[in-house]
Amino acid sequence: MTPAPTGKPKVLVIMGSVRAGRHCPALAAWVAGIGQAETGLDFELVDLAAWPLPMDDEPNIPATGLYMQPHTRKWSEKIAEADAFVFVSPQYNWGYPAVLKNAIDHCHREWHGKPLLIVTYGGHGGDKCAAQLRQVAEGLDMRLVPTMPALPLARGMILGAAITPDTDFREQIPQVRQGCRELAAMAPAP
Ligand SMILES: Cc1cc2nc3c(=O)[nH]c(=O)nc-3n(C[C@H](O)[C@H](O)[C@H](O)COP(=O)(O)O)c2cc1C
């Protein structure tokens with residue numbers, strides 16, 4: 001795996017939501033900040049809104065690695081350069097957002113063997129979303145971090161009230177720290 005320019009293992013924190021008015025950027029940045037402080041690894045945010053990946057323009061299945069479109073090649077390179085991942089995803093209708101599945105499905109081998117920390121949020125912390133992501137990651141031979149932090153959203157937050165992660169999810173900070181430590185332990189040594 002290619003080391004980051006810092007020489008430290010690179011962790012991509014992929015945001016699961018592109019919705020207007022989403023909470024995802026605030027939560028993903030918060031998780032990345034905790035991860036950076038806790039592990040010293042190189043955490044980088046990836047906003048899928050900046051990665052338009054059409055669902056219908058690749059003639060070959062991703063498992064072949066034969067990508068025809070420049071955007072798919074760029075995405076493949078981005079995923080291939082990473083040493084580990086964090087998915088920060090909301091629960092949508094007992095699952096996870098289609099945009100995240102689409103981004104996952106655009107590659108195949110690039111995910112193999114890499115550690116993944118799953119962080120979810122929703123009315124009950126997004127446990128059903130986490131279970132689905134876990135199954136998909138297992139199918140891609142990713143190495144799952146045992147701790148899966150779950151951030152419970154209050155009703156007001158679901159309806160759009162601003163979130164201050166440090167105070168609203170103070171109780172979950174130890175879980176996030178623990179998950180990041182486990183991720184770092186599974187990442188390749190610098
Ligand atoms: C399409 C959609 C479906 C949702 N389904 C669920 C659900 O099944 N369970 C839940 O707890 N919250 C659900 N919610 C509420 C989300 O957890 C909440 O709106 C969250 O803030 C969404 O993340 P985002 O703001 O980053 O997009 C749903 C929200 C949307 C937009």
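Helices are DSSP runs of at least four residues, numbered from the N terminus. Just after one of them, H4, Asp-141 takes a positive phi of about 55 degrees. The model described here is predicted.

**Overall fold**

The protein chain contains 7 helices and 6 strands. Read from the N terminus, its elements follow the order β-α-β-α-β-α-β-α-β-β-α-α-α. A compact globule of 190 residues would have a radius of gyration near 16 Å, and the protein chain has 16 Å, which agrees. Along the principal axes, the C-alpha atoms fill a box of roughly 45 × 35 × 25 Å. Of the 190 residues, 38% are buried. Among contacts with a separation of 6 or more, 80% join residues 24 or more positions apart.

**Helix H4**

Helix H4 covers residues 127–139. Within H4, Cys-129, Ala-130, Leu-133 and Ala-137 are buried. These residues cover an arc of only 95 degrees around the axis, which puts them on the same side of H4. On the other side, Gln-135, Glu-138 and Gly-139 are exposed.

**Surroundings of the ligand**

There are 15 residues around the ligand, of which Ser-17, Cys-24, Pro-90, Gly-122 and Gly-123 come nearest. The shell consists of 6 nonpolar, 7 polar and 2 charged residues.

Note on methods:
Residues numbered from 1 in each chain as written. Predicted model: local features only at pLDDT ≥ 70, side-chain atom pairs only at ≥ 80, totals over all residues. Near = placed C-beta within 6 Å. Nonpolar A, V, L, I, M, F, W, Y, C, P; charged D, E, K, R; others polar. Helix = DSSP H or I, 4+ residues; strand = E, 2+ residues; numbered from the N terminus. Expected span 1.5 Å × (residues − 1). Buried ≥ 20, exposed ≤ 12 C-beta atoms within 10 Å, placed from the backbone. Arc of directions from axis to C-beta. Rg over C-alpha atoms; globule rule 2.2 N^0.38 Å. Contact = placed C-beta atoms within 7 Å.
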